[in-house]
Amino acid sequence: MAQKPKLYYFNGRGKMESVRWLLGAAGVEFDEEFLETKEQYNKLIEVGSLLFQQVPLVEIDGMKIVQTRAILNYIAAKYNLYGKDMKDRLFIDMYVEGTTDLMLAVIPLPFQQGDAKAKQIDLIKNRAVNRYFPVYEKALQGQDFLVGKQLSIADVQLLEAILMVEEVHNDVLSHFPGLQAFKTRTSEIPTIKKFLQPGSKRKPMPDEKYVATVNKILFS
Ligand SMILES: N[C@@H](CCC(=O)N[C@@H](CS)C(=O)NCC(=O)O)C(=O)O
């Protein structure tokens with residue numbers, strides 16, 4: 001039996017969360033090693049596991065792979081979540097880059113304070129409502145999935161992004177009926193439903209402990 005993928009990252013969302021989501025949606029079980037100390041991180045660098053001295057790192061199919069996009073693309077292709085042809089993949093990639101950009105606006109929030117944080121919160125709403133969500137609302141008109149007739153990484157990441165933005169602005173979908181329906185529909189897909197249940201590998205909103213661990217390992 002093939003070994004389960006193993007994820008190396010902090011015990012929190014960050015750049016690894018989309019990988020957890022994608023494996024969850026694919027129905028693939030995985031193990032995790034959480035970085036708690038600088039020694040652990042330095043050791044991964046010393047033994048040559050981190051190509052660019054950065055996590056996320058995923059051990060899968062006998063390889064140690066880094067760079068979030070590369071990891072996600074590999075998993076999406078392996079588990080048939082990457083469309084049926086080159087043209088599908090092109091649109092999937094564009095949609096995924098959009099949700100990635102939106103989520104990259106949310107990820108730094110726990111590390112920010114005061115005015116900078118307030119500005120970032122405003123920016124997130126502005127970008128979600130005026131730039132990104134209208135595109136997905138339109139793309140979903142008359143169809144269940146963003147690209148073609150099957151679930152892809154683009155849908156999985158869109159649901160992740162919607163839930164993430166809703167944690168900051170809970171009314172953000174109020175003018176997007178298509179996205180509301182998409183959220184309900186996609187959350188009912190059995191593998192995703194399971195991933196959304198308490199006790200799954202999905203990480204909660206980052207807390208102070210997570211922020212302190214990341215700061216200690218990367219910035220001290
Ligand atoms: N392009 C990389 C960036 C990864 C990245 O910035 N990782 C952070 C943790 S989230 C890191 O390891 N930083 C240490 C460093 O850059 O020296 C990716 O998307 O995976």
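How close do the axes of helix α5 and helix α6 come, and at what angle do they cross? I looked this up in a predicted model, where local features need pLDDT of at least 70, side-chain atom pairs count only at pLDDT 80 or more, and totals for chains, interfaces and linings use all residues. Residues are numbered from 1 along each chain as its sequence is written, and side-chain values use heavy atoms, without hydrogens and water.

**Helix pair.** I find the axes of α5 (residues 114-139) and α6 (residues 153-168) within 11 Å, crossing at roughly 145°. Axes are lines fitted to C-alpha atoms over the stretch in contact, with angles from 0 to 180 degrees between N-to-C directions. Helices here are DSSP runs (H or I, at least four residues), numbered from the N terminus. I then listed the contacts (heavy atoms within 4.5 Å). Ile121, Ile124, Ala128, Phe133 and Tyr136 of α5 meet Leu158, Ile162, Val165 and Val168 of α6.

**Aromatic rings.** I counted six aromatic pairs, taking rings of Phe, Tyr and Trp (its six-membered ring) with centres within 6.5 Å; planes under 30 degrees apart are stacked, over 60 edge-to-face, the rest tilted. Phe133 and Phe176 pair edge-to-face, at 5.8 Å centre to centre and 80° between the planes. Phe133 is in α5 and Phe176 in the loop between α6 and α7 (177-187), 43 residues apart. Phe133 counts as buried because its relative accessibility is 0%; buried means under 20% relative accessible area (1.4 Å probe, protein chains only). Phe176 is also buried, at 7%. I recorded one aromatic cluster of Tyr9, Phe10, Phe111 and Tyr210.

Conventions
Helix = DSSP H or I, 4+ residues; strand = E, 2+ residues; numbered from the N terminus. Buried < 20%, exposed > 50% of the residue type's maximum accessible area, 1.4 Å probe, protein only.
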